[in-house]
Amino acid sequence: MFPAVFACLWVFLFLPSISPDLRIIKDFMERRKRRLLVTEGNAAEDPNLSLDELFPFTGTKQKPQMPDMVFQVIAYDSNLYQQAVRLREAVLRVPLGLVFTPDELAAEKAHIQIAGMIDGRVCACAVLVPEGSEMKMQRVAVAQDLQGQGIGGAMMKFCERLAADHGAEKVYVHARDTAVPFYEKNGYVAEGEMFDEDGIPHLKMWKLLSIA
Ligand SMILES: CC(C)(COP(=O)(O)OP(=O)(O)OC[C@H]1O[C@@H](n2cnc3c(N)ncnc32)[C@H](O)[C@@H]1OP(=O)(O)O)[C@@H](O)C(=O)NCCC(=O)NCCS
């Protein structure tokens, strides 16, 4: 009687807790089997497929860790500023067939330039434009190969602290439709309807700094 009760308990309590591990072991065995087939030249798969495509990882996907970033205010027309302009032009304008015009860049003399750097290379940037008690944040860009690792979020926090230090109560952005989920995730709320800017839909979004 006692062994039967123990066996039932083991099945109902212990087995479910190790089932994810069993699945990982099963995945591993399956991938090993397929890898052997490939190395023996018997693979039915397209030989041009990458290893990742051939052996997709089916466990929990780990987000890449955010690299060590240093955020700082950079001087207009400095070497770092030139790097930042090149970065944001490549990320924001070139895909639209546009560049920053000399007039747009000249107007930036009065703005606050922010750069995020890894080992001296500018990998992220933003511009803050003081407008009374509000601060407009614009030209927000992260190098394409580094997006989705938390750099944009960290830059938001840096910019919001900086805006608060300059006495701003609120930060707002004209968010591209594709970037709306990013700003929502960082606590920005939408105002009004979508409108056109640079030929693509944008939405005004803002955040009160008292809750930053
Ligand atoms: C938008 C941008 C600045 C965000 O920086 P990032 O370092 O990639 O952002 P983070 O890693 O901190 O946050 C990623 C989150 O933002 C959202 N996000 C970022 N880019 C997105 C996009 N193009 N579409 C949808 N969601 C996006 C996702 O929800 C993602 O969340 P997840 O990690 O849970 O999937 C960056 O992706 C970028 O430069 N994009 C191209 C230029 C651009 O659109 N700039 C904003 C102009 S208003």
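Of the 20 residues around the ligand, the ones that come nearest are Gln147, Gly152, Gly153, Ala179 and Phe182; a residue counts as near a molecule if its C-beta atom, placed from the backbone, lies within 6 Å of it. Two or more residues of this shell come from each of helix H3 (79–93), strand S4 (134–142), helix H5, strand S5 (170–176) and helix H6 (180–185). Sorted by class, the shell has 11 nonpolar, 7 polar and 2 charged residues. Here Ala, Val, Leu, Ile, Met, Phe, Trp, Tyr, Cys and Pro count as nonpolar, Asp, Glu, Lys and Arg as charged, and the others, Gly among them, as polar.

Before going further, please keep in mind that this is a predicted model, in which local features need pLDDT of at least 70, side-chain atom pairs count only at pLDDT 80 or more, and totals for chains, interfaces and linings use all residues. Residues are numbered from 1 along each chain as its sequence is written.

**The chain as a whole**

The chain has 6 helices and 7 strands, and from the N terminus on they run α-α-β-α-α-β-β-β-α-β-α-β-β. Helices (H or I, at least four residues) and strands (E, at least two) are DSSP runs, numbered from the N terminus. Of the 212 residues, 19% count as buried. A residue is buried if 20 or more other C-beta atoms lie within 10 Å of its own, exposed if 12 or fewer, and partly exposed in between. Among the contacts with a separation of 6 or more, 60% are made by residues 24 or more positions apart; two residues are in contact if their C-beta atoms, placed from the backbone, lie within 7 Å.

H5 covers residues 151–165, and its 15 residues should span 21 Å at 1.5 Å a residue, which agrees with the 21 Å between its end C-alpha atoms. The expected span is 1.5 Å times one less than the number of residues. Buried in H5 are Ile151, Gly152, Met155, Met156, Cys159, Glu160, Leu162 and Ala163. They cover an arc of only 165° around the axis, so they are on the same side of H5; the arc is that of the directions from the helix axis to the C-beta atoms. Turned away from that buried side is a face with the exposed residues Lys157 and Asp165. After H5 comes glycine 167, with a positive phi near 90°.

H3 also has 15 residues and should span 21 Å, and its end C-alpha atoms, 20 Å apart, agree with this. Its buried residues are Ala84, Val85, Leu87 and Arg88. Because their arc is only 165° around the axis, they are on the same side of H3. These buried residues pack against strand S1, helix H4 (102–107), strand S2, strand S3 and S4. The face of H3 turned away from them carries the exposed residues Asn79 and Gln82.

**The nonpolar core**

In soluble globular proteins, nonpolar side chains tend to be buried together. In this chain the largest nonpolar core has 34 residues, and those touching the most other members are Ile114, Cys125, Ala126, Leu128, Met137, Met155 and Cys159. Such a core is a set of buried Ala, Val, Leu, Ile, Met, Phe, Trp, Tyr and Cys residues joined through C-beta atoms within 7 Å. Leaving out residues up to four places away in sequence, methionine 137 touches Ala126, Leu128, Cys159, Val171 and Val173.

Phenylalanine 71, found in S1, is buried, with 20 other C-beta atoms within 10 Å. Apart from its neighbours within four places in sequence, phenylalanine 71 is in contact with Ile114, Gly116, Met155 and Phe158.

The table gives two pairs of residues.

| Pair | Places apart along the chain | C-alpha separation |
|---|---|---|
| Phenylalanine 71 and cysteine 159 | 88 residues | 9.2 Å |
| Tyrosine 76 and alanine 106 | 30 residues | 9.5 Å |

**Residues in the loops**

Tyrosine 76 lies in the loop between S1 and H3 and counts as partly exposed, with 13 C-beta neighbours inside 10 Å. Beyond its neighbours within four places in sequence, tyrosine 76 is in contact with Tyr81, Glu108, Lys109 and Gln113.

Most residues other than glycine have a negative phi. Aspartate 77 is not a glycine, yet has a positive phi of about 75°. Aspartate 77 sits in the loop between S1 (70–74) and H3 and is partly exposed, with 13 other C-beta atoms within 10 Å. Aspartate 119 also has a positive phi, near 50°. Its loop runs between S2 (112–118) and S3 (121–131), and aspartate 119 is exposed, with 8 other C-beta atoms within 10 Å.
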